[in-house]
Amino acid sequence: CQLIFGLCKARRLEDATKVLDEMQANGCNPDIKTWTILFKGHCSTNEVDKTLIIFANMIEKGCEVDADLLDVLVNGFLSQNKAIEEHQVLVKMIETR
């Protein structure tokens, strides 16, 4: 989690994603905090669209969405005037519950 945080803070999002992929490949499933950190990193660099891909991966891995992640997503999409995409993500979250 700390490594992902450091990479995101340094805006090395591709490296953070690679670390996450390696974790998963070695049987270490990221927790919701790790996912949220990655989402925050992408939102802070205006790469909100990439969060949709990450979100799909997260849901596929069976990770539950929490209020913090939801807050990051909503704020990220609204900050870029992408309310339609944000709505689609929310619908997907509700459907997966």
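Lys-92 is found in helix H6; helices here are DSSP runs of H or I with at least four residues, strands are runs of E with at least two, and both are numbered from the N terminus. At 38% relative accessibility, Lys-92 counts as partly exposed, because that label covers what falls between buried, under 20% relative accessible area, and exposed, over 50%, with a 1.4 Å probe and protein chains only. Lys-92 and Ala-56 are 36 residues apart in sequence, and their C-alpha atoms are 9.3 Å apart in space.

A word on the source. This is a predicted model, in which local features need pLDDT of at least 70 and side-chain atom pairs count only at pLDDT 80 or more, while totals for chains, interfaces and linings use all residues. Residues are numbered from 1 along each chain as its sequence is written, and side-chain values use heavy atoms, with hydrogens and water left out.

How confident is the predictor in H6? The scale is pLDDT, the predictor's confidence in each residue, from 0 to 100. Helix H6, residues 83–96, has the lowest mean pLDDT among the elements of the chain, at 68. Helix H1, residues 2–9, has the highest, at 94. For the chain, the mean is 85, and 88% of the residues reach 70 or more.

Now the chain as a whole. Its secondary structure comes to six helices and zero strands. Read from the N terminus, the elements run α-α-α-α-α-α. The chain has 97 residues, and buried residues make up 39% of them. Its accessible surface comes to about 5900 Å², and 53% of that belongs to carbon and sulfur atoms; the areas come from the Shrake-Rupley method with a 1.4 Å probe, and for residues only the protein chains shown count as cover.

Next, contacts, meaning heavy atoms within 4.5 Å. Take the contacts in the chain with a separation of 6 or more: residues 24 or more positions apart account for 54% of them.

Which helices pack together? The axes are lines fitted to C-alpha atoms, for helices over the stretch in contact, and the angles run from 0 to 180 degrees between N-to-C directions. Angles under 35 degrees count as roughly parallel, over 145 as roughly antiparallel, 65 to 115 as roughly perpendicular, and the rest as oblique. On the H1 side, Ile-4, Phe-5 and Cys-8 meet Thr-34, Ile-37, Leu-38 and Gly-41 in H3.

H3 also packs with helix H5, residues 67–79, at an angle of about 10° and with axes 9 Å apart. H3 and H5 are therefore roughly parallel to each other. H3 contributes Ile-32, Thr-36, Phe-39, Lys-40 and Cys-43 to the contact, and H5 contributes Asp-68, Leu-69, Val-72, Leu-73 and Gly-76.

On to helix H2, residues 13–25, where Gln-24 lies. Is Gln-24 buried or exposed? Gln-24 is buried, because its relative accessible area is 15%. Leaving aside neighbours within four places in sequence, Gln-24 is in contact with Pro-30, Trp-35, Asn-57 and Lys-61.

Thr-17 lies in helix H2 as well. Thr-17 is partly exposed, with a relative accessible area of 24%. With neighbours within four places set aside, Thr-17 is in contact with Leu-38 and His-42. Thr-17 and Leu-7 are ten residues apart in sequence and 9.2 Å apart in space, C-alpha to C-alpha.

Then the loops. Most residues other than glycine have a negative phi. Arg-11, in the loop between H1 and H2, has a phi near 60°, a positive value in a residue other than glycine. Asn-46 has a phi near 60° too, and lies in the loop between H3 and helix H4, 48–60. Arg-11 is exposed, with a relative accessible area of 56%. Asn-46 counts as exposed at 56% relative accessibility.

Last, the cysteines. A disulfide is a covalent bond between the sulfur atoms of two cysteines. How many disulfides does a search of the whole structure find? The search finds zero, where a disulfide is taken as a pair of cysteine sulfur atoms within 2.5 Å. Cys-43 counts as buried at 12% relative accessibility. Cys-63 is buried, with a relative accessible area of 16%.
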